[in-house]
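Student: I have a model open on my screen and would like to talk it through. Could you help me read it?

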Amino acid sequence: MCSKCSLGHDEISCSCVRIVTGLCTPIALNQPSPTSQKAIGTVLAALPQLLGLWTLVMGSTTRESYTLNTFGQAADAFKRQYFGKEIKDVKPEEVEAEYWKNVHDLSKCVTVKYGADLITSEVGSGFPRKTDYLVGPNQKVRMHYANHPWNLNNLPVLNESVLSHWGSGISGMMVPWVYVGMCFSSFCWHTEDHWSYSINYMHWGEPKIWYGIAGSDGEKFDDVVRALVPDLINKQPDLLHHMTTALNPSYVMSKGVPVYTVHQNPGEYVITFPRAYHAGYNEGFNFAEAVNFAPPDWLSAPHGSSLPSKLCLRPSQLRLRPRRKVARSPDKLSICMCVSIVEELINVQQHEEAGRDLVSKHGITRSERVNFEEIMDDLRTCIYCRSTLYMSAVKCSHPGRITCLEHVDYLCDHCTPEECIFQYRYTMEELRMFITRLEKRTAGFDLWIGQVRTFIKDDKDSPRLKLEEARAIVDRGISNKYPLTDEVAELKDLIKLCEQPLQDANSILTRKIRLRNSTRCQKADERKDSHDLESVVEALQASPFAVSANLMDSLTELLRQVNAWTEKAKDASKIDLSRITDFDEALQQLQKVYDTGEEYNLRLTELDKLSDLMSCIEWIHKATDVRKKIEAWENNPDSHSMIQRTRTGYVLKLEDEVEIDKKLASELICLDEIEELNREGAEFEQVGPVLSMQAYFEEKIKASQEADKKAEEFFEDEEHATLENAETLWSSLKCQMWADTIAMNTLRAELRMARTIVARLEAVQAGQENFSLKSLSVLVNGCDSSQLVDKGEQKEKIDAFDKEVEDYISRLKKAFQHEQSYYTLYEILAGKEELAGLVEGQITPLTLLPWDDPLVNVEGLDQFESIEDIRYHLDNVLLQELALLPRLRTSNAMKPIIESCVCLDVRIKSAGYISCYLCHGNYHYECITWNPFFESLPLGMYLCKRCLRGKRPSIDSLDQLKNDTILRSKENFLVEHLQKRVLKTSEQLDYAVLLGDNDKIQNALLAVLSLEAMHPPTMEKLKAHASEWFKISEKDKELMSNLKTAERTQPRMIFANKSPKKNNRKRTSTTSMRRRNSKAKKSTLDHDEEQRRIQNQENNVCEAPLCIKPCSQEVNWIQCQSGCERWFHYVCIGLTISQVSETSFWGCSQCPSHNH
C-alpha cells in the first residue's frame, strides 16, 4: 500500500525505499493542447512515407538495422506481448508501475531498443529545413515552418542565442538529434552539456514520461546520489554525466528533493532549464526531436567545478568567441547580449588575473600565446580536474602534462619553475579592450539601470517620484530592448502595485451613466464596494509614487459622502411596511435615496437592501390592488356576473342593464397570476404584510379551485346541464366569478349565451323585436353550440320559429325569383341600387346565383339593424331612381349596341335588335330570352335583365304568403313596402290619365314598369292604351312574337367585358394634380373654407348642390383642382368614367377659374 496516498493500486516497490504509486509524483501536464492537434494531423498524414525512409542501427556489436516501419512493428509487438493485451487497452499507470519494477528487480532482465541521438544532418529532421527541397501543393506551409523560430533547426541559432556566435554546428548542441523510442526505452538522470537549455518536441507516437528536478535543487540531488553510492562516486566523480544512473523518483522525494513529472504527448514541447536534472522513459513507439539552446541569461548561470570535464565547448570559449565582432562592430550585438557578455568578461578578467598572479608567485616567468581551439581536446585537458582549457594553461617539460591555473601545484614534482611555461590565449590588455568596447555599447543601459535603481530604493526621507516617470523609464527600456533585470522586474511590480489602486480610483470616481434599462442584471457587477474604496485610499497613501492631491481630495470626499449616505440608507430601510398608506410616495422617497447611492458607482450593500425593500413594497402594492379587485367582485357579484372573455378583450354585459361604477367592471383575475404573485412574495423577508397577503391569496385560490371544480363537474353531466340548474349553480358560485379559469369562463359564457337566446326569443315572440332569417339562424346556431339550451322547450320553440320563416322565404322565392336568376331576392325587392354606377358608365357583370341557399337571397338585410333603417334606404333608392333613370335612358340611347347589350361583343351577326322600354338599352335579338311577364305587357314591349329581375307576381297573391309568425320579419317588410309602392304608382297613373297630362302619364308608366310586382287592373289598362301611350314598331312586335317560341338558355354571366379597359379612378390622378396646383391656389381659400374642405373630405360628403346620395356599392369621386379642393360624386355633377379618363384637369362650377 502506498505510504503517501494509502492506496494499493499501481504501486512502485523498491527494496531500498518506501512503496508509493506513480501518481504520487507531481504532474504538470497530462493532456495534449488543442493547438497541437493540427500539427499532429500533419505529421500523421506524412507518416506512411517516412516509415520506409528511415534506417536505425541498433547495438554496439550486433549492428541491427531497422526502418521506422519495422522498428514500429517490433515495438508494438513487444508491448502487446509484454502486457498481454492490445496497446490501446494498456493504461499509463500500468506502464509506469512495470517500468520501475523492472528497474528495481536486478534478477529480471528486460531488453528494449532505443534509437537515440540520431543526427538530423545524417538521417533527416522531422521539421522542414531551409536547405530541404520544398515542393508540392503545401509548399508555402512547409516554407513557413522551415523559417519558423520554434523549428528546432532554427532555435539554437536565433539572433538572441549565444550559440549563434559559434561558427560550426555542434551535433546535439546546435544540430538536433532525433529519438525513436519503444515501451520502457529510457534516459537516465542527467543534466545538459554546459548546463544549457534543452528543448524536446514529440512529433508523433505514444507519450514520453519525464521526471524533473529544478536546477536550484541540483546540488541536493548530487548529495543524495553521493550518500546513496559513495564508492561509485569516489571511483568515478563524473558518474551523473554519463546518463547511466536510474533512481526511483519516490526515493529522491523521500530525501526532501521535489520531483515533477510531465506526460509529453504528440505536438507538445518540453523545455529543461540549466542545471535541471531529468530522466524518463517512453510508453510506446514514438518519434521525438531535441536540441540545446543558450539565450543570453545562460552566460549568467553558474558554471562551477561540477561541470563535466569532457565538453564540446566551455562557457569562457563562448564568451570570447565573438571577439572579432565585438572589436569591429559591437553595435550589431543586442544590448541583452552585450550586457551578459561584459559582465562575464569582467568575471573572466578577474579569474585570469588571480590565476596569473598565482602562476607568478610560483616563479614561472616564461610565457607564450597559444590558439587553444586549434589543439585537440585530449592534448589540452587539465591533468587534475580534467577540464578542457581555452583561456590559459601551464605546462612543464614532460609531454602531455598540462594544468589549469588553479591546479598549477599539481603540474609536476620534477620540473622547476624555469622549465614550466605559462600559455595564454589573450593578454590582459586585450581582455580589457574587449570590456571597454562593450561598456561603451552598454553605457546607455548603465544610465538607465541607474535610474531604475533610484526608483526602487527605499528612502523615506527623499520625496516620492511620479508614476509617469517610472512608466517612461520602463517604456524606454522596452524600446531599447534592454534586458529584464531583477531591478527592472521590481520596478514593474511597484508600478503594477500602484496602477491597480489608481485604476480603481478612476473607476470609482467616474460617474455611472444612468440608463433606463440597466445591464448589470445580465452580467456580474464588478464595481468596488465601500471597503474597496477605503483600501484604495490607504493604498494610494502608502504608494511609493507621488499621487495627485486633487485625486486624494476627491477620494476622501467621496468616502465621506458614501459613509453619510450609508447611514441615511439604513434609516430609510427601517420603514414599517404595515403602516404604508401611500405606496407611490414611499417608493418615491426610497427611489430618491437609491438613485443617490447609484451615482457613487460603487457596489454598496445598502443598495441591494433598498432594492429588495422597494421590490417588496411594489409587491405589496400590486397584491393590494389584486385584493381590491377580488373584494369588488365579492361585494357586488351581480354587477360583474356577465363579464366574459372574448378575442378582443373583456365585454361587459349586465343582467339588469343598470349603469354601474366603472371601477367595478374590472378584468377577470387569473389564478396563475395570483400563484405567481405568491411565489414572488416568498422571495421577500417574511414580514407581517407579506405573510397576511400570502395567506389571503392561498385562501382565495383554494376557494376558486373548488368553485372551478364544481363548474367542471356541472358540464360533465350533460343531462343535468340545463339553464335552470346553471342559474342555481351561478347563485352559489357568483362570488368566485373573479377567477379566470376554464370551467368558470365556460359557465359564464354558456349562461350568458343561454340568457341572450331566451331573451331574444321572447322579444321576437312578443313582437318587441324585428328579425330576419339570418338573425334567427344565429339563434339556431347558438342553441346548437350551447350546452344549456341545445335541448328542451327553448330549442323546440326556436327551431319551429326558424322553420316558419324559412318556409316563408321559400314561398317568396317561388313567387318572385326564377330558378335561374341573376339577382337575389333582396335585390329584386329592394329596387335598383346600382343605377348610379350604370349612369357613371361602370360595367357590372351579372352571374347566375345558386337556388338552394335561402340565406344568400336575403343576406343584403344584414346591413340594417332595424326596420327604420330599411325604410330609409328604400326611400333613398326610390329618389335615386326618379333622378337617375331619365339620365340612364338618355345615355343608353346614345351608346352603340356593343356597349349596352349583354354580350358586349360587336362580332355577333344579329337578325335585329330591340330596345328596353325602361332603360333604352339596345340588345341583339339573339342575346335576349323570354320572360312570362312579357304576356302581361303590350305586344312588342321588351324589358332587359336589369329592369325585369323577377317574375313580378300580383300584389293580391302576396297576401296569401303571410302568417302571424312573420309579420315582424324584415323580409315581410320588404314585401309590404313593395305592395304599397305598386298601389301608389297605380293611383298616380290613374290620376295622370284623369288629368290628361302626357308627361305625368309617361312618368307614371316608368314607375309602374320599374316595380317587381304588378297590379292586374293597371296592367290591363296598359294593354288597352298601348297604341296611345307606347310607340311600338311592327319589327319589335315580330321579334317578341318569335322570341316566345325561341329556345334560349340563360348564360352563366352577362354584361362581362371580354377586353376590359383599365377602370381609371380619377381620384388618384386628380389628387396628384391637386398637389401640384394646391400651393398656388391655397391663398384663395380662407380659414373657414379650408376647415370645411378638410372636414368634408374626412366625412365623405359630396359638395354637389343636389347630391342624390347614390346607393351603389362603388361610387367614384373627383376633386376640384381650381382652388376649393372639394370632393364630388361623378353622378351628382353629370360626369362619366369615360369623360374623366379623357381630361387631366377639372374644376367645379363654383370656383372662378373652373375648367370642365
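This is a predicted model: local features need pLDDT of at least 70, side-chain atom pairs count only at pLDDT 80 or more; totals for chains, interfaces and linings use all residues.

Student: Now to Glu192. Where does Glu192 lie?

Tutor: Look at the two strands on either side of it. One is β8, residues 186–190, and the other is β9, residues 197–205. Glu192 lies in the loop between β8 and β9.

Student: Which side chain of opposite charge is nearest to Glu192?

Tutor: A salt bridge needs a nitrogen and a carboxyl oxygen within 4 Å. Glu192 is buried yet has no salt bridge. The nearest side chain of opposite charge is 11 Å away, and it belongs to Lys208.

Student: Which side chain makes a polar contact with the side chain of Glu192?

Tutor: Beyond its neighbours within four places in sequence, Glu192 is in contact with residues including Ser198, Thr272 and His278. The polar contact between side chains has a distance of 3.0 Å, and the partner is Asn292.

Student: Let's move to Leu1009. Why does Leu1009 count as buried?

Tutor: Leu1009 lies in helix α34, residues 998–1010. Buried means under 20% relative accessible area. Leu1009 counts as buried because its relative accessible area is 0%.

Conventions:
Residues are numbered from 1 along each chain as its sequence is written. Side-chain values use heavy atoms; hydrogens and water are left out. Helices (H or I, at least four residues) and strands (E, at least two) are DSSP runs, numbered from the N terminus. Buried means under 20% relative accessible area, exposed over 50%, partly exposed in between (1.4 Å probe, protein chains only). Lys and Arg count as positive and Asp and Glu as negative; His and the chain ends are not counted. A polar contact is a pair of N or O atoms within 3.5 Å; within protein, one must be able to donate a hydrogen and the other to accept it, and residues adjacent in sequence count only if both atoms are side-chain atoms. Contact means heavy atoms within 4.5 Å.
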